[in-house]
Every structure is written in C-alpha cells, then in structure tokens.
Amino acid sequence: MEPLITTSFDGPQLDDILAMHRLYGDVYEKNGGNNSYATATPLGVVHTSQVAAIGLDGNQISITATQTDFVSIDDNGDYDFYSFSLTESLDVAIDLLPQGASYDTGPESGPVSTLDARMLSDLSLTLYDSGGVNVLGAANNNGLGGGESLSLALGPGNYYARIGGAQNDVQLY
C-alpha cells in the first residue's frame, strides 16, 4: 500500500498478481491443482502449425481489466503439469519464458531498489511420456530470467510438460 492516491489504474497490478500467486497459487491451483501428471491442465490436441500458449498477460506493470492469463510457480516445491495430445507425428517445440517487468520498490521517501519480476526463480522444463514417468527431454540451462526450450520429434500420443522453479519465490511464466 502506498500513502498516495492515483487514478491511473483500476484493479490489481503486477506486484499484486505476484503476491496473490505467492499466497494462493495461480488459477490452476484450484481444486487440488495441477501438481502432478494425474491432475495436469489439459491443453488439448495439438495439430501441425498450431500454437498452444498460456500465461501471456504478465509482461507489464499495469494490468488491464481484461487481462486474466497469468500462470506461475509459487515456490521451489511447486510443480505445474500440462498435458497435450498428438494425433500424428510432429516436430514439437516447447518454450518456457519467465514473465514480468522491472519496477522500483521501497518505502515512501526511503531507499528504492529495482525488482525485475522475470528474475525471481530459475525455471525448468521437463517433458514426460504418456505414463508421466519416462523423461523425454529436460531443459534447465539458462538461470534466472532465462527461458528454456525443448525441440523433439514426437509420435502420436499423450504428453506431459512439467514446470518447476529453483528459488523459494513466485515466478510468472
């Protein structure tokens, strides 16, 4: 909370979204969450040249009333699973990008530091087969603020992508 009033925005802003996700998790944490392959959030069937994307609204400080697509890891013990299916053999690229923006934080009339919300936890990406046990690929190469990606030739079937974070902090992706 700040002791000044502004009417330049209406509703929660990026720091509010981060705090809510840290305390309660993202929208997919409802009803038991998507913390295992058995409760994975379904992305549906992926076809040639199709893009399935989630978490696209977290790249700015000011949030509009229509922006609701935020996903996150809330600490280093949280894992999010997403499932998708292929009906034919495809070359699949999975990209995991930290979301956020930089903003100043600190007490009123006190020292201020810059917080880069893209660098709160080092994200990792793992792809599993239809049983959710066998690892088909893993990416954890780029550290805080860096994205991870996998490119694989996959046959028809069901697959599970797992997102994790290394630091005990919230990270939008």
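Leaving out residues up to four places away in sequence, Asn-34 touches Tyr-28, Glu-29, Thr-39, Ala-40, Thr-41, Tyr-79, Asp-80, Phe-81 and Tyr-82, where contact means heavy atoms within 4.5 Å. The model is a predicted one, in which local features need pLDDT of at least 70, side-chain atom pairs count only at pLDDT 80 or more, and totals for chains, interfaces and linings use all residues. Residues are numbered from 1 along each chain as its sequence is written, and side-chain values use heavy atoms, with hydrogens and water left out.

Asn-34 lies in the loop between helix H1 (14–24) and strand S1 (41–46); helices (H or I, at least four residues) and strands (E, at least two) are DSSP runs, numbered from the N terminus. Its relative accessible area is 0%, so Asn-34 is buried (under 20% relative accessible area; exposed is over 50%, partly exposed in between, with a 1.4 Å probe and protein chains only).

Rings of Phe, Tyr and Trp (its six-membered ring) pair if their centres lie within 6.5 Å; planes under 30 degrees apart count as stacked, over 60 as edge-to-face and the rest as tilted. The pair links distant parts of the chain, since Tyr-28 is in the loop between H1 and S1 and Tyr-82 in strand S3 (residues 79–86), 54 residues apart.

Tyr-28 is partly exposed because its relative accessibility is 27%, whereas Tyr-82, at 3%, is buried. Ring pairs join Tyr-28, Tyr-82 and Tyr-173 into a cluster.
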